[in-house]
Amino acid sequence: MDDGLNVTYITLRGYEEMGKYRYFYFFIMFTVYIMIIFFNVTVVCLIWIHKNLHEPMYIFIAALLLNSVVFSTAMYPGLLIDFLSEKQIISYSACLFQFFLYYSLSGSEFLLLAAMAYDRYVSICKPLQYPTIMRRARVSIMLGLAWLVPACQITVSVILSAKTKLCNLSLNAIFCNNSIYSLHCVTSRTLSLFGMFALVNIALFPFLFILFTYTRILVISCQSCKEVRKKAAQTCLPHVIVLVSFSCLCAYDVMIVRLGSDFPKTVRL
């Protein structure tokens with residue numbers, strides 16, 4: 001606690017076992033971050049420049065890539081600085097802000113993937129109605145909700161956490177995820193219930209919706225001609241790979257809290 005400025009600092013203990021490998025981790029993370037920014041921004045610029053790509057499918061792809069850029073920019077620079085620092089500390093307010101960005105953008109990822117799944121479902125299963133259903137106004141509303149809904153829900157969790165008294169100033173993590181609940185003196189039932197509600201609302205429901213739409217696409221594609229099956233495979237397979245990858249990250253994030261201190265720091269990293 002900094003009494004002069006009344007600022008509470010949290011120590012991130014997830015870096016303790018890095019030792020002499022810190023520069024190796026830094027190089028790997030820095031390379032990955034540069035690649036994420038370069039490739040995602042390149043694709044977004046190509047979609048922006050070519051007018052024939054201003055279709056709902058490509059607009060959703062651009063939105064997903066922009067979300068990835070913002071998400072990575074919210075996480076990687078802090079990680080890179082901590083890799084080279086002797087002490088890994090962060091103010092509690094900055095920790096809550098990082099928590100907000102991490103989970104609100106993660107929720108947006110699921111909702112954007114759900115919007116993309118719906119777009120593909122209409123395109124493949126209802127091609128004649130596609131121009132009527134996927135109008136520009138509807139696409140704009142879907143994009144707005146994909147970012148607004150998670151942000152509003154995570155804001156409530158942040159406000160509740162900010163009002164909760166802290167008894168522990170050491171976080172067994174490399175950044176501020178839902179491990180911050182271990183800092184609280186008392187486990188808040190309200191915070192736990194709302195966290196579960198947010199998880200179901202912005203992760204589980206979109207995930208189930210995506211599975212449902214892709215199952216419907218698979219069934220209809222199998223009953224259709226070879227051209228339809230090829231179109232479905234080309235457009236849906238990349239979405240499924242992203243969905244599985246991101247779902248594994250979220251499952252890991254939940255598992256970390258359940259296992260607590262039993263999870264080795266090196267494996268966390």
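**Helix α3 and its neighbours**

I looked up helix α3 first: residues 92-125, 34 residues in total, reaching 49 Å from the first C-alpha to the last, close to the 50 Å expected at 1.5 Å a residue. The expected span is 1.5 Å times one less than the number of residues. Helices here are DSSP runs of H or I with at least four residues, numbered from the N terminus.

I noted that this is a predicted model, where local features need pLDDT of at least 70 and side-chain atom pairs count only at pLDDT 80 or more, while totals for chains, interfaces and linings use all residues. Residues are numbered from 1 along each chain as its sequence is written, and side-chain values use heavy atoms, without hydrogens and water.

Is α3 enclosed or open? I found 30 of its 34 residues buried, so α3 is largely enclosed by the rest of the structure. Buried means under 20% relative accessible area (1.4 Å probe, protein chains only).

I then picked S104, which lies in α3. S104 is buried at 5% relative accessible area. A polar atom of its side chain lies 2.7 Å from the backbone oxygen of F100. Leaving out residues up to four places away in sequence, S104 touches P150, A151 and I154; contact means heavy atoms within 4.5 Å.

Last, I checked α2 (residues 56-84) against α3: their axes come within 10 Å and cross at roughly 165°. The two helices are therefore roughly antiparallel, a label for angles over 145 degrees. Axes are lines fitted to C-alpha atoms over the stretch in contact, with angles from 0 to 180 degrees between N-to-C directions.

How values were computed:
Buried < 20%, exposed > 50% of the residue type's maximum accessible area, 1.4 Å probe, protein only. Polar contact = N/O pair within 3.5 Å; in protein donor to acceptor, adjacent residues only side chain to side chain. Parallel < 35°, antiparallel > 145°, perpendicular 65-115°, else oblique.
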